[in-house]
Amino acid sequence: VQRMGKYSLLLRDMIKALDVGHPKIAELKAAEEMVKYQLRHGNDLLAMDSLRGCDMNVKDQGRLLRQNNFTVWNGKKKRQRR
């Protein structure tokens, strides 16, 4: 997973290095979007894993949107999640 971020940066740098009308720019942008999607998906899976053991049915709450930090209360313990 750590390499995925490096691939995204590499693709971005490759796009910047090419001329605007270069025929490969569209393919590189599509590859960059695919890598970014996979990074988001991996991060979402990690966030879902942190919800294990929750005492309510998370699926009943609707679509999970992960933004910024959130607070998790476990009894009297309070934790910040990112």
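How many helices and strands does the protein have? It has two helices and two strands.

## The model

This is a predicted model, where local features need pLDDT of at least 70, side-chain atom pairs count only at pLDDT 80 or more, and totals for chains, interfaces and linings use all residues. Residues are numbered from 1 along each chain as its sequence is written, and side-chain values use heavy atoms, leaving out hydrogens and water.

The average pLDDT (the predictor's confidence in each residue, from 0 to 100) is 81 for the protein. A score of at least 70 is reached by 83% of the residues.

## Elements

From the N terminus on, the order is α-α-β-β. Helices (H or I, at least four residues) and strands (E, at least two) are DSSP runs, numbered from the N terminus. Among these elements, α1 has the highest mean pLDDT, 91. Strand β2 (residues 77-81) has the lowest, 64.

## Burial and surface

The protein has 82 residues, and 10% of them count as buried. Buried means under 20% relative accessible area, exposed over 50%, and partly exposed in between (1.4 Å probe, protein chains only).

The accessible surface (Shrake-Rupley method, 1.4 Å probe; for residues, only the protein chains shown count as cover) comes to about 7600 Å². Carbon and sulfur atoms hold 52% of that surface.

## Around Y7

Y7 sits in helix α1 (residues 2-17). Its relative accessible area is 43%, so Y7 is partly exposed.
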